[in-house]
Amino acid sequence: MSAEHYDLIVIGTGAGGGTLVHRLAATGKKILILERGSFLPREKENWSPKEVYQKERYHTREVWHDLKGNPFRPGIGYWVGGNTKVYGAALLRMRQKDFDAVTHHGGISPAWPLKYDDFEPYYTAAEKLYNVHGLAGEDPIEPPMSQGYPHSPVSHEPRMQTLCDGFLHQGLHPFHLPLGIKLDETHPELSACIRCSTCDGYPCLVQAKADADVNAVRPAQQQANVTLMTKAKVVRLHTSPSGREVSQVEVEIEGRSQLFSADIVVVACGAINSALLLLRSASDQHPNGLANSSDQVGRNFMKHLATAILALSTKPNPAVYQKTIAINDFYWGEPDFPYPMGQVQNTGNVLGDMIPAETPPALAPLVKLVPGFGLERIASHSTGWWLQSEDLPAPDNRVRLMGEQVCLEYQLNNTQPHERLAHRWMEVLKAVDHSMQPYLIPMGIYPRNSIPLQAVGHQCGTCRFGEDPVTSVLDLNCRTHEVDNLYVVDSSFFPSNSGVNPTLTIMANALRVAEHLQARMQ
């Protein structure tokens with residue numbers, strides 16, 4: 001056992017923890033970053049669909065359990081940079097109305113205690129930090145932006161442009177999907193990004209994806225006051241006798257337990273693992289789990305309703321990097337359906353070796369009979385579409401510990417708008433290209449509509465923030481109501497999920513909280 005004191009300990013290096021550390025590294029404060037994983041290896045398998053999709057090479061081997069006690073392997077990875085190492089780099093702002101109470105078909109999405117204007121400057125800063133490419137003014141429900149995107153939009157390849165033209169002809173408003181990649185299309189010979197076919201769901205072998213590892217943690221490490229420890233799993237937070245502050249962080253390193261302390265401790269392990277750490281840190285002062293007298297830690301878990309549509313066409317799709325389109329025309333519903341339905345994006349490339357790994361069980365026996373060249377031919381005539389809708393916070397959708405067993409208890413809700421969006425989008429695809437035959441099959445790193453629980457890439461909501469300690473875990477600065485020096489800075493703080501990817505909001509909030517912490521540490 002050892003004890004060493006820091007000004008700040010940050011647990012986790014993903015979109016929340018990595019961004020926070022990047023912002024605070026220049027303060028000169030003594031900072032310790034604890035990451036349970038290692039740096040994701042740069043290897044040729046980074047770009048192998050068989051390794052990434054069929055063998056799940058970069059996912060944890062942990063086993064969790066669902067509401068019925070069935071075991072499953074979660075689709076998350078423990079690496080420096082967290083899940084941003086394999087994310088699709090879609091970085092979108094929540095819409096302005098998302099911060100208000102919204103009436104959905106299945107209930108109410110609660111209002112946030114802070115509004116869009118409170119986050120806007122931090123969205124702008126996060127877009128700069130993560131190299132976001134986009135074009136302001138295309139999306140009719142786009143929130144106000146104090147500045148345009150820092151980089152020009154990623155261009156549509158010819159097949160994608162043809163589809164965009166078709167959507168426009170139908171009266172829709174396709175826009176360039178905001179993407180965090182290091183692409184220079186004006187000077188491709190100088191571009192870090194080579195616009196390859198293995199980006200969405202893959203690690204980037206050439207380190208051209210704007211992830212929390214490359215863009216945030218590694219630059220922070222250049223500061224002499226910042227220490228990164230990898231393969232360092234935090235197992236428990238200990239408090240002082242009063243229970244009002246974290247006194248020690250217990251860390252497992254190479255099978256041995258070590259203790260560290262800091263004036264301030266930030267938990268940024270992702271919504272599920274942050275809740276689990278607080279629950280594992282139960283004590284006499286906090287018998288239900290650390291900072292959990294409200295019994296809200298682990299509750300209100302959300303992860304989006306999602307469907308992937310594989311559009312097969314007689315027309316070949318030669319696009320190499322096709323994840324460039326988004327559509328929000330159905331985000332707030334339709335004239336005859338006044339409830340939010342969700343967002344449409346296209347996915348990364350469909351490759352032959354992805355198909356066996358992502359086929360529904362009912363079709364799996366047929367797919368096994370298709371030779372490799374047949375799968376490649378199917379893929380070469382396919383375009384992938386990703387549909388996501390908001391699931392609503394529910395107290396019984398929760399992360400729970402049963403002894404040492406992790407239980408993720410989740411039931412779908414607000415499903416009718418999502419089903420309507422899927423059917424509506426298939427109609428759109430058929431109208432654009434009469435030869436298209438859309439099929440609902442799981443693809444990408446997220447499975448389809450009745451999402452198998454292991455797909456937890458958009459996890460959020462387990463330690464919501466608010467002003468009332470009875471109904472929330474964190475205050476408006478993401479400090480726990482009950483423990484003065486303990487903060488949670490990841491997607492745990494979301495009161496609702498919105499219909500867009502959560503990553504940019506996590507990054508923006510991390511910059512907002514970092515500003516508060518900098519003032520506190522002065």
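The exercises below, each with a worked solution, concern a predicted model.

**Exercise 1.** Determine how helix α1 and helix α10 are oriented to each other, and which residues make the contact.

*Solution.* Begin with the geometry: helix α1, residues 17-24, packs against helix α10, residues 503-521, at an angle of about 40°, and their axes are 8 Å apart. Next, compare the angle with the cut-offs, since angles under 35 degrees count as roughly parallel and those from 65 to 115 as roughly perpendicular, while the rest between these ranges are oblique. The two helices, α1 and α10, are therefore oblique to each other, and their crossing is right-handed. The contact itself is made on the α1 side by Thr19, Leu20, Arg23 and Leu24, and on the α10 side by a list of residues including Met507, Ala510, Leu511, Glu515 and Met521. Finally, sort the residues of this contact by kind: nine are nonpolar, two are polar and two are charged.

**Exercise 2.** Decide whether Glu515 is buried, partly exposed or exposed, and describe its surroundings.

*Solution.* First locate the residue, which lies in helix α10. Then look at its contacts: once neighbours within four places in sequence are left aside, Glu515 is in contact with Arg23 and Tyr122.

**Exercise 3.** Decide whether Glu51 is buried or exposed, and find which residues it touches.

*Solution.* Glu51 lies in helix α2, which covers residues 49-54. Its relative accessible area is 15%, and since buried means under 20%, Glu51 is buried. Not counting residues up to four places away in sequence, Glu51 touches Glu45, Glu56 and Arg57.

**Exercise 4.** Find how many residues of helix α5 are buried, and what covers them.

*Solution.* Helix α5 runs over residues 212-221, and seven of its 10 residues are buried, so that the helix is mostly covered. The buried residues are Ala212, Asp213, Val214, Asn215, Ala216, Val217 and Ala220. What covers them includes α1, α3 (116-129) and β10 (226-229).

**Exercise 5.** Compare the span of helix α9 with the expected value, and name its buried residues.

*Solution.* Helix α9, residues 415-432, has 18 residues and reaches 26 Å from its first C-alpha to its last, which is close to the 26 Å expected at 1.5 Å a residue. Its buried residues are Pro417, His418, Leu421, Ala422, Trp425, Met426, Val428 and Leu429.

Definitions and conventions. Residues numbered from 1 in each chain as written. Predicted model: local features only at pLDDT ≥ 70, side-chain atom pairs only at ≥ 80, totals over all residues. Heavy atoms only, no water. Axes fitted to C-alpha atoms, helices over the stretch in contact; angles between N-to-C directions. Helix = DSSP H or I, 4+ residues; strand = E, 2+ residues; numbered from the N terminus. Parallel < 35°, antiparallel > 145°, perpendicular 65-115°, else oblique. Left-handed = near helix turned anticlockwise from the far one by under 90°. Contact = heavy atoms within 4.5 Å. Nonpolar A, V, L, I, M, F, W, Y, C, P; charged D, E, K, R; others polar. Expected span 1.5 Å × (residues − 1). Buried < 20%, exposed > 50% of the residue type's maximum accessible area, 1.4 Å probe, protein only.
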